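Please open the model in your viewer and keep the selection tool at hand.

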Amino acid sequence: MTYRKVYMTRGHRGQMQKSIMAVCRTQFWLVIFAIFVMWSLLVYLNYSSMISGVTLLAKYYVYSTDQEQAFSFPSAVDSKQNDSILHENGNHTISEAIKEEEDDGKNVNVVEEKQVAFNEPVNEAVNGTANEVINDETVNETVNEAMNGAGRQMANDFENLKTKVPKKKSRRKGGRRRGKGNARKSAKILPNNQRTRRENWLEWKSNVQVDAKPELPPPSLPPPPPPPPPPPPPPPPPPPPPPPERVCKVVEVKSSPESCAGRYIYVHTLPRRYNVDLLRDCKSLDLWMDMCQYIKNSGLGPPLPDPERVFTDYGWYATNQFLLEVIFHSRMKQYDCLTNDSSQAAAVFVPFYTGLDVARNLWNTDAQVRDSSSLELVKWLRRKPEWKRYWGRDHFLIGGRITWDFRRSENRKDPDWGTKFLYLPESRNMTALVIESSPWNNNDFGIPYPTYFHPSSDEQVIQWQNRMRKQKRRYLFSFAGAPRPDRPDSIRNQIITQCEKARGKCNLVHCNNWKNKCHKPAELMKVFQSSIFCLQPPGDSYTRRSTFDTILAGCIPVFFHPGSAYIQYLWHFPQNYTKYSVFISMFDVRDGKVSIERVLRQISTQKIWAMREEVIRLIPKIVYADPRCRLETIEDAFDLAVQGVLERVGKIKEDIREGRNTSFAYDEQTAWKYTWLGKPEEHEWDPYFSGPLEYQN
């Protein structure tokens with residue numbers, strides 16, 4: 001492909017110049033039209049005085065530019081300098097000054113001095129324009145006249161200057177600049193001929209002072225009225241309303257003599273020092289924490305925060321495990337078959353907060369102080385006619401702690417711990433409900449630890465059960481606890497070791513201090529909800545609150561001692577423990593004969609689903625409903641405990657009427673066999689209960 005050079009002819013060049021000139025001319029008239037529009041707008045807005053000032057300044061600028069080689073002057077001068085110059089020259093005009101300069105040959109200095117006389121009306125016009133914002137008609141007229149007069153004087157002076165001042169001579173392009181030497185020579189005529197024009201201007205700039213604005217006469221208007229007093233501040237906004245509390249569903253209680261036959265309960269009215277005063281002095285109930293916050297809401301404690309949506313919307317509280325006496329007493333007040341006639345009562349309830357009483361004196365080394373309230377209570381009961389009817393065998397009470405806190409004996413290793421309340425003869429006749437019972441005594445029965453869930457309706461229970469059925473569980477098993485180095489027979493060290501070796505199959509939570517997850521209900525429940533099996537080895541005693549937290553989370557419990565659940569909660573758990581739990585011998589774990597992970601892996605998926613469903617069905621039986629509400633059809637842990645007491649008391653009364661004493665005619669060392677099997681015979685669990693607790697685990 002060949003390329004051809006294209007040359008621009010003279011005709012082409014001329015055509016291009018015409019096109020460029022046409023475009024420039026068009027743009028020029030556009031600029032002129034824009035200026036005209038702006039000018040018309042200013043005139044329409046009645047800014048004539050400002051326009052005059054702008055015109056004067058524009059002409060002044062053109063004049064100063066044309067005379068750049070002849071003289072230069074600032075736009076504003078000191079007022080004192082103006083006065084001195086005007087005094088020397090009188091009323092001379094600029095044209096006369098130029099004429100004298102031409103006659104005398106001093107064309108620069110004279111014009112520069114006389115120019116000051118011209119600046120005064122210009123400054124007055126500018127100052128008047130700046131003060132135009134003042135809303136005084138008299139002042140505005142004065143300023144406008146001054147500016148108009150100055151403008152006419154400037155126009156006349158400009159006409160004279162055009163005829164007097166000679167034009168610059170044009171020089172040829174590239175030629176030598178003419179008149180340059182004359183210009184330098186004329187500069188020597190200046191008074192300060194050794195200084196340049198820029199130096200003179202810098203000196204003036206350093207000394208220049210802005211003229212003060214003329215003081216205007218005050219307007220002839222009456223003084224403004226005093227401002228009205230400020231309005232009073234608006235009242236503070238009302239505080240936001242508290243969140244609506246959960247309103248219990250109104251349930252009609254259908255109690256009749258027929259429905260309450262054999263179910264009436266009479267409640268003793270004890271002196272206040274046995275229950276109410278203990279709650280008022282709540283700060284003394286524990287040396288390590290403030291128990292006052294936990295007695296709120298009828299013993300349920302404050303509501304649990306749930307930022308991570310671990311719980312459901314209602315029914316979750318930070319419940320302390322040792323406040324079961326308060327919760328049970330509050331529920332008893334809502335019992336549908338209460339009676340004021342003790343002769344009709346099937347059982348008699350003693351609302352003595354024995355667990356709180358022992359807690360405030362638990363660390364007191366004086367045994368008499370720890371036993372004082374218990375001794376006074378049984379003395380008070382012996383004087384009542386209700387006691388003398390069956391000598392207390394129809395009485396029952398709640399102990400919100402494990403049974404060992406009420407069984408101080410001289411034969412035990414630690415005689416300074418707890419009270420001997422359950423060893424008193426009067427207490428042996430009563431039925432004691434505790435969170436952990438003794439395998440070797442027949443007057444105490446285990447009931448569940450209080451959990452964090454206290455539903456107020458059947459719907460809340462069903463909603464939680466359905467949620468646990470759908471819960472995804474990523475871990476095979478989990479354990480939350482701390483080792484027991486002071487107990488050589490404890491298996492917790494072996495469990496922690498096996499859990500650490502599981503490599504992602506076990507979720508281990510160390511509970512060595514109070515700052516870990518074990519004391520945060522939400523974090524603890526998250527661990528149990530994400531696990532299929534939850535390990536429950538013995539700790540300081542046989543039982544743990546964690547057992548009921550795991551069941552509440554739908555996690556299948558794994559027990560290592562039969563005293564942890566099977567012989568404890570006979571009224572709440574099925575006798576066939578294989579339906580809802582896994583049992584691994586603590587002796588095999590301690591001797592290293594069994595792998596917990598291997599045992600749990602061998603359980604089939606169908607068996608796991610069946611066991612989990614049984615665990616979820618146990619949830620209503622191990623929770624205590626809100627004492628301020630009533631459940632419609634679901635029976636909670638309180639209902640099952642009352643039924644167990646009524647059955648036991650009914651059997652005792654029947655034996656007394658028939659002259660039998662079968663309820664107590666057996667060796668207490670084998671009491672767990674009577675409650676579990678109904679007869680004292682050899683059993684595979686005998687090695688677990690061959691001695692007192694302190695010698696076993």
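**A tour by selection**

Begin by selecting Thr-403 and Asp-444, whose side chains are joined by a polar contact of 2.8 Å; a polar contact here is a pair of N or O atoms within 3.5 Å, where within protein one must be able to donate a hydrogen and the other to accept it, and residues adjacent in sequence count only if both atoms are side-chain atoms. This is a predicted model, in which local features need pLDDT of at least 70 and side-chain atom pairs count only at pLDDT 80 or more, whereas totals for chains, interfaces and linings use all residues. Residues are numbered from 1 along each chain as its sequence is written, and side-chain values use heavy atoms, with hydrogens and water left out.

Stay on Thr-403, which lies in the loop between strand E3 (395–402) and helix H15 (425–429); helices (H or I, at least four residues) and strands (E, at least two) are DSSP runs, numbered from the N terminus. Thr-403 is buried, with a relative accessible area of 0%, where buried means under 20%, exposed over 50% and partly exposed in between (1.4 Å probe, protein chains only). Not counting residues up to four places away in sequence, Thr-403 touches Leu-422, Val-434, Glu-436, Ser-437, Ser-438 and Asp-444, contact meaning heavy atoms within 4.5 Å.

Next, select Trp-316, in the loop between helix H10 (296–299) and helix H11 (324–332), which counts as buried at 5% relative accessibility. The side chains of Trp-316 and Thr-312 are joined by a polar contact of 2.8 Å, and the residues that Trp-316 touches, not counting those up to four places away in sequence, include Tyr-452, Phe-453, Trp-464 and Met-525.

Now show helix H17 (residues 492–500), where Arg-492, Ile-495, Ile-496 and Cys-499 are buried. These residues are on the same side of H17, because they cover an arc of only 100° around the axis, taken from the directions from the helix axis to the C-beta atoms.

Move on to Ile-32 in helix H1 (residues 10–44), which counts as partly exposed at 34% relative accessibility.

Finally, select the whole chain, which has 26 helices and 10 strands; of its 697 residues, 44% count as buried.
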